[in-house]
Amino acid sequence: MELINSFSVDHMRIVPGIFTSRVDTLGDYTVTTYDIRLKRPNREPVIDVAAMHSLEHIIATYLRNNPDWQNEVIYWGPMGCLTGFYLILKGNRASKEIYNLMLQAFEYVNDVQEVPGTAPENCGYCRMHNLVMAKWYANEFAAYLKANANNADIFEYPKTERLVTDDGQHFFDS
């Protein structure tokens, strides 16, 4: 089986940022999956699960209520590795084109007084939220984005180099 794109990214070299993970054409529609990476994989602690859950609720609510973007948003959700989120949007924009949207979304978290959608009727595990830590992670990422706005590394995936033998066999490290 061929290694999927997200596993061909060099996770030892990736930095927090906004990356195009994949672009898919589905009939007449194009959708783009973005990797919104908050933590350096395998080098820093992952995002606290309860804070991640709160960030998911807050930012999904922000994106789906943003008048400029609400009709473009297909999905916002956490990565299983707890180092970031996936955002799926209609269309095909470069990562830099959603920089302001992501910065505003993470800055918005600071103004939230309660996590939306946390009643038992609205949430699969309503007791697992941490707004204080969600704000801490959001502020950390927003400050990082501002400090690195002109750094191309926060918009371009580092690719792993794979050994290919003379007869075309690929060797993978995982």
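Before I start, hi everyone, one cut-off: a residue is called partly exposed when its relative accessible area falls between the buried limit, under 20%, and the exposed limit, over 50%. Glutamate 107 has a relative accessible area of 31%, so it is partly exposed. Please keep in mind that this is a predicted model.

Let me stay with glutamate 107 for a moment. Its partner in a salt bridge is lysine 146, with the closest N and O atoms 2.9 Å apart. That pair ties together distant parts of the chain, since glutamate 107 sits in helix H2 and lysine 146 in helix H3 (residues 131-147), 39 residues apart. Lysine 146 also counts as partly exposed, because its relative accessibility is 49%.

Now for the other salt bridges; the count comes to eight. One of them joins arginine 93 to glutamate 72, at 3.2 Å between the closest N and O atoms. Here too the pair links distant parts of the chain: arginine 93 is in the loop between E4 and helix H2 (99-109), and glutamate 72 is in the loop between helix H1 (49-65) and E3, 21 residues apart. Glutamate 72 is at 24% relative accessibility, so we call it partly exposed.

There is a network as well, in which salt bridges link Lys39, Arg40, Glu44 and Glu140. Within it, the side chains of arginine 40 and glutamate 44 meet at 3.4 Å, N to O.

On to the sheet. In what order do the strands of the open sheet come? The four strands run E1-E2-E4-E3, with antiparallel pairing. Strand E1 (17-26) and E3 are the edge strands, each pairing on one side only. From one strand to the next, the twist averages 15°.

Looking at E4, residues 84-90, we find seven bridges to strand E2, residues 29-37, and five to strand E3, residues 73-78.

My last stop is threonine 32, in strand E2. Is it buried or exposed? Threonine 32 is buried, because its relative accessibility is 0%. A polar atom of its side chain lies 2.6 Å from the backbone oxygen of glycine 91. Leaving aside neighbours within four places in sequence, the contacts of threonine 32 include Thr20, Val23, Leu87, Ile88 and Arg93.

Definitions and conventions: Residues numbered from 1 in each chain as written. Predicted model: local features only at pLDDT ≥ 70, side-chain atom pairs only at ≥ 80, totals over all residues. Heavy atoms only, no water. Pairing = 2+ DSSP bridges. Helix = DSSP H or I, 4+ residues; strand = E, 2+ residues; numbered from the N terminus. Buried < 20%, exposed > 50% of the residue type's maximum accessible area, 1.4 Å probe, protein only. Polar contact = N/O pair within 3.5 Å; in protein donor to acceptor, adjacent residues only side chain to side chain. Contact = heavy atoms within 4.5 Å. Axes fitted to C-alpha atoms, helices over the stretch in contact; angles between N-to-C directions. Salt bridge = Lys/Arg side-chain N within 4 Å of Asp/Glu carboxyl O.
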